[in-house]
Amino acid sequence: MGQMINADGVELWVERRGQGPDVLLIAGLGDPAEAWQAQLDGLADRYRLTAFDNRGAGRTPLPEGPLSVPRMADDAAALLRALRVPAAHVAGFSGGSFIAQELALRHPDVVRSLVLMSTVARPDAYFLAMTRFWHWMVERAPDERAMLEAFFLWIYTPRAHADGMVDQFVEETLAFEHSQSVEDFQRQLAAFTGHDTLDRLGRITAPTLVLTGEIDLATPPRLGRVVADSIPDAEFEVLPGEAHQPFQEVPDVFNAGVDAFWRGVDTGG
């Protein structure tokens with residue numbers, strides 16, 4: 001059962017599970033903490049996992065005023081401090097990986113290691129064109145179901161569309177009681193499209209694993225490779241046949257990979 005945590009004046013909805021080394025899970029565009037359910041369930045026997053709703057997603061409100069990735073990174077750092085977590089393994093997905101990059105740059109003391117899934121250092125022309133369309137699509141789609149069905153074309157594999165997984169995700173999203181407003185989606189999207197750490201990633205000292213899906217349309221491997229090449233000693237792995245959200249589509253593969261990485265960091269291997 002989750003709860004609201006005051007993180008330096010910002011009320012963040014937080015889900016915590018398990019015992020062991022601390023892990024902070026940072027979700028992407030529009031995703032609440034429940035996006036990490038397969039990790040909250042599958043890794044809780046080895047780690048103390050914390051997932052939360054970013055500003056404007058799920059149960060965390062989005063106040064008036066500017067929204068930026070650095071501000072959301074400050075939220076994440078304040079959350080760890082409010083929970084009395086000195087440092088955590090940090091895993092960020094998509095927009096959450098942008099937040100994780102800024103977290104490691106702005107608050108290196110709280111980051112034990114980084115896992116950056118479906119990540120970008122600086123949006124390219126394709127990414128910006130895609131997100132401009134998403135901004136328009138969320139307003140113009142005839143209803144939320146149509147918007148999700150279109151949006152998920154960039155997110156999940158053809159396999160997931162064929163086997164019913166995407167249909168299940170659509171139904172679960174529609175049934176979720178804390179759906180994101182159009183305005184909050186657009187404000188989060190604008191923050192993520194303004195992300196740019198390319199010239200600063202070389203300052204990251206935390207052990208880093210960059211993961212990308214082989215057929216990811218939204219953040220293809222070429223963008224993840226730039227991130228990995230820019231962070232000293234970062235590991236880079238392409239997941240064959242996977243798209244933008246392998247941590248949901250193939251959670252056992254994802255969980256095993258991050259577990260091995262975190263164990264290596266914790267043992268000095």
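The dialogue below goes through some aromatic pairs, a sheet and a helix residue of a predicted model.

Colleague: Which rules apply before I read any feature here?

Modeller: This is a predicted model, in which local features need pLDDT of at least 70 and side-chain atom pairs count only at pLDDT 80 or more, whereas totals for chains, interfaces and linings use all residues. Residues are numbered from 1 along each chain as its sequence is written, and side-chain values use heavy atoms, with hydrogens and water left out.

Colleague: How many aromatic pairs are there?

Modeller: Rings of Phe, Tyr and Trp (its six-membered ring) pair if their centres lie within 6.5 Å, and planes under 30 degrees apart count as stacked, over 60 as edge-to-face and the rest as tilted. By this rule there are 14 aromatic pairs. The planes of Y47 and W262 stand at 70°, with ring centres 5.1 Å apart, so this pair is edge-to-face.

Colleague: Where do Y47 and W262 lie?

Modeller: Helices (H or I, at least four residues) and strands (E, at least two) are DSSP runs, numbered from the N terminus. Y47 belongs to the loop between α1 (37-42) and β4 (48-52), and W262 to helix α11 (residues 251-267), so the pair ties together parts that are 215 residues apart in sequence.

Colleague: Is Y47 buried or exposed?

Modeller: Buried means under 20% relative accessible area, exposed over 50%, and partly exposed in between (1.4 Å probe, protein chains only). Y47 is buried at 3%, and W262 is buried at 1%. The pair of F151 and F152 is tilted, with 6.1 Å centre to centre and 40° between the planes; F151 is buried at 10%, and F152 is buried at 7%.

Colleague: What is the strand order of the open sheet?

Modeller: Two strands pair if DSSP finds at least two bridges between them. The open sheet has eight strands in the order β1-β2-β4-β3-β5-β6-β7-β8, with mixed pairing. β1 (3-7) and β8 (235-239) are at the edges with a single partner strand each, so one side of each is left without a neighbour in the sheet. Within the sheet, β6 (residues 111-117) and β7 (residues 208-213) pair in the parallel sense over four bridges, and L114 has T208 in β7 as its bridge partner.

Colleague: Which residues does T131 touch?

Modeller: Contact means heavy atoms within 4.5 Å. T131, in helix α4 (residues 125-140), touches L189 and T193, not counting residues up to four places away in sequence. T131 is buried, with a relative accessible area of 4%.
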